[in-house]
Amino acid sequence: MAKILMKGNEAIGEAAIRAGCLNYFGYPITPQSEIAEYLSHRMPEVNGMFLQAESEVAASYMIFGAAAAGERVFTTSSSPGISLMSEAISYVAAAQCPAVFVNIMRGGPGLGGILPSQGDYFQATKGGGHGDYHLLVMAPNSVQESVEMVMRAFPLAEKYRNPVIILGDGLIGQMMEPVEFPDHLISEPSDKNDWATTGMDYRNSNKPNLVKSLFLVGNSLEENNRCLKAKYEQMKKEEIMFATYNCDTNYVALIVSYGTMSRVCRTAIDLLKNEGIEVGMIRPQTLFPFPEKAVQEAAWKPSCKVVTSMELSMGQMVEDVERVVQAKRPVTWFGVAGGIVSTPEEIVAEMKRVIHAHQ
Amino acid sequence: MDYQYQIDADRCKGCGLCVAVCPKKVLSLLQKNNSKGYFPAYRVDESACVLCGTCCIMCPDIAITITSIDN
């Protein structure tokens, strides 16, 4: 298919439909409202379901219901809305249902602002809801990558029977870029006969399927937790995605950055290269599972003297970077928040300062 | 020939690209938000504007238009 020019939010909506998801329940919130707006007219065209719920809480339990019934389903929201959905996300994870959530992050905490931010890293990767669970977290840095990640998210959610979250931000959602919907990412829905509540008559079975998140008897809860843990370990082996930039040089410093911030860092690295300073960048595309080995190897390269985590937050991913670098290199953090996106010049100045301080 | 300069404030997301690109530094962001909550661009000094159309080309949301009005 030819490339077309699309707004990030609309492309995300279209990608879900191309991926075979015909159920959307949501609630509008800036800066992701265009996804709902787009789907409100696009879903009826493909005989899909579009429903604007009375709140994010209601929408998220509609997701739970549809997922339990074995349907491909997704919702989108922005930071405060994802907080409201977090209870249901925990339930969906506990009940082992596949569903896709998209968080077009805005500044927080509280109602915060409506401009781009990466303040929900902790929420997405470390919890958000209660209990021992993880989401598979993917972070795109372009409209094209958003489309690809959304299309990949549905088969991944079904493979693990676990919620997947796409962590974009206001800039990715609001920006227009040329985009292509790759046919090879279209996937067939998986066989759900073993677990989904599709009806015994319908699937010619004499075994009822039960979807639940309450485990009171004996050690059934521990068994469920161990089952979840095994899935997260499998994700760490099979689903890690990352990209590198300028990492084939003998860089003196390494930037770890994701999403929108990585685009600014890419320009900053080019500017530094013109001045004869080599800086490498590793960009996690999956935030959970975090590309631990890749970041570690890149940080431990003999030429590399310092590792900097660049974020649109007051220091969240830096904790994971510190964890994997294991104090073998100094780890610093640089970030802006509150809807401000830093300029390449600010990053160039910060990298020069950091490199000078750790020579 | 006269020209009409228009910014569709409700379409503007306040990205500031027009402000940065304007050769005459005519544009700025309003301190009052539009219906979507963004702070839209406006012309601070209309008389300094030379109607070059750079802002129209730059605007990613096609919110700025300059049209000719035939007398």
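In chain B of this predicted model, Lys25(B) lies in the loop that runs between α1 (17–21) and β2 (27–29). The phi of Lys25(B) is near 55°, a positive value in a residue other than glycine. Most residues other than glycine have a negative phi, and most peptide bonds are trans. Lys25(B) has 11 C-beta neighbours inside 10 Å and therefore counts as exposed.

Chain B meets chain A through a contact in which five residues of chain A touch five residues of chain B. On the chain A side of this contact there are three nonpolar residues, two polar residues and no charged ones.

The description now turns to chain A itself. Chain A holds twelve helices and 14 strands. Its radius of gyration is 21 Å, close to the 21 Å given by the globule rule for 359 residues, so chain A is as compact as a globular protein of that length. The C-alpha trace of chain A spans about 70 × 50 × 40 Å along its principal axes. Of the 359 residues in chain A, 51% are buried. When contacts between residues at least 6 apart in the sequence of chain A are considered, 81% of them join residues at least 24 apart.

One part of chain A is an open sheet of five strands, with the order β9-β11-β10-β13-β14 and mixed pairing. The edges of this sheet are formed by β9 (242–245) and β14 of chain A, each of which pairs on one side only. From one strand to the next, the twist averages 20°. Strands of a sheet pair through backbone hydrogen bonds, either parallel or antiparallel. Within this sheet, β10(A) and β13(A) run parallel and are joined by five bridges. Ile255(A) stands opposite Thr308(A), a residue of β13(A).

Helices accompany this sheet. Helix α9 (residues 259–274) of chain A packs on the sheet and touches β9, β10, β11 (279–284) and β13 of chain A. The direction of α9 makes about 165° with that of β11(A). Helix α10(A) lies across β9, β10, β11 and β13 of chain A, and runs at about 175° to β11(A).

A further helix, α11 (residues 317–325) of chain A, has the buried residues Met317(A), Val318(A), Asp320(A), Val321(A), Val324(A) and Val325(A). These residues lie on the same side of α11(A), because they cover an arc of only 160° around the axis. The partners against which the buried residues of α11(A) pack are α5 (121–126), β10 (253–257), α10 (292–299), β13 (306–311) and β14 (331–335) of chain A. Following α11(A) comes Gln326(A), whose phi is positive, near 55°.

Strand β4 (residues 74–77) of chain A pairs with β5(A) in the parallel sense over four bridges. In this part of the structure, Thr76(A) stands opposite Val102(A) in β5(A).

The loops on either side of β5(A) also deserve attention. Gln96(A) is placed in the loop between α4 (79–94) and β5 of chain A. Although Gln96(A) is not a glycine, it has a positive phi of about 55°. Gln96(A) counts as buried because it has 21 C-beta neighbours inside 10 Å. Pro109(A), in turn, lies in the loop between β5 and α5 of chain A. The peptide bond that joins Gly108(A) and Pro109(A) is cis, with omega about 5°.

Pro31(A) is found in the loop between β2 (23–26) and α2 (33–45) of chain A.

Conventions:
Residues are numbered from 1 along each chain as its sequence is written. Chains are lettered from A and ligands numbered from 1 in the order in which they are written. This is a predicted model: local features need pLDDT of at least 70, side-chain atom pairs count only at pLDDT 80 or more; totals for chains, interfaces and linings use all residues. Helices (H or I, at least four residues) and strands (E, at least two) are DSSP runs, numbered from the N terminus. The radius of gyration is taken over C-alpha atoms; the globule rule is 2.2 Å times the number of residues to the power 0.38. A residue is buried if 20 or more other C-beta atoms lie within 10 Å of its own, exposed if 12 or fewer, and partly exposed in between; C-beta atoms are placed from the backbone. Two residues are in contact if their C-beta atoms, placed from the backbone, lie within 7 Å. Ala, Val, Leu, Ile, Met, Phe, Trp, Tyr, Cys and Pro count as nonpolar, Asp, Glu, Lys and Arg as charged, and the others, Gly among them, as polar. The arc is that of the directions from the helix axis to the C-beta atoms. Two strands pair if DSSP finds at least two bridges between them. Axes are lines fitted to C-alpha atoms, for helices over the stretch in contact, and angles run from 0 to 180 degrees between N-to-C directions.
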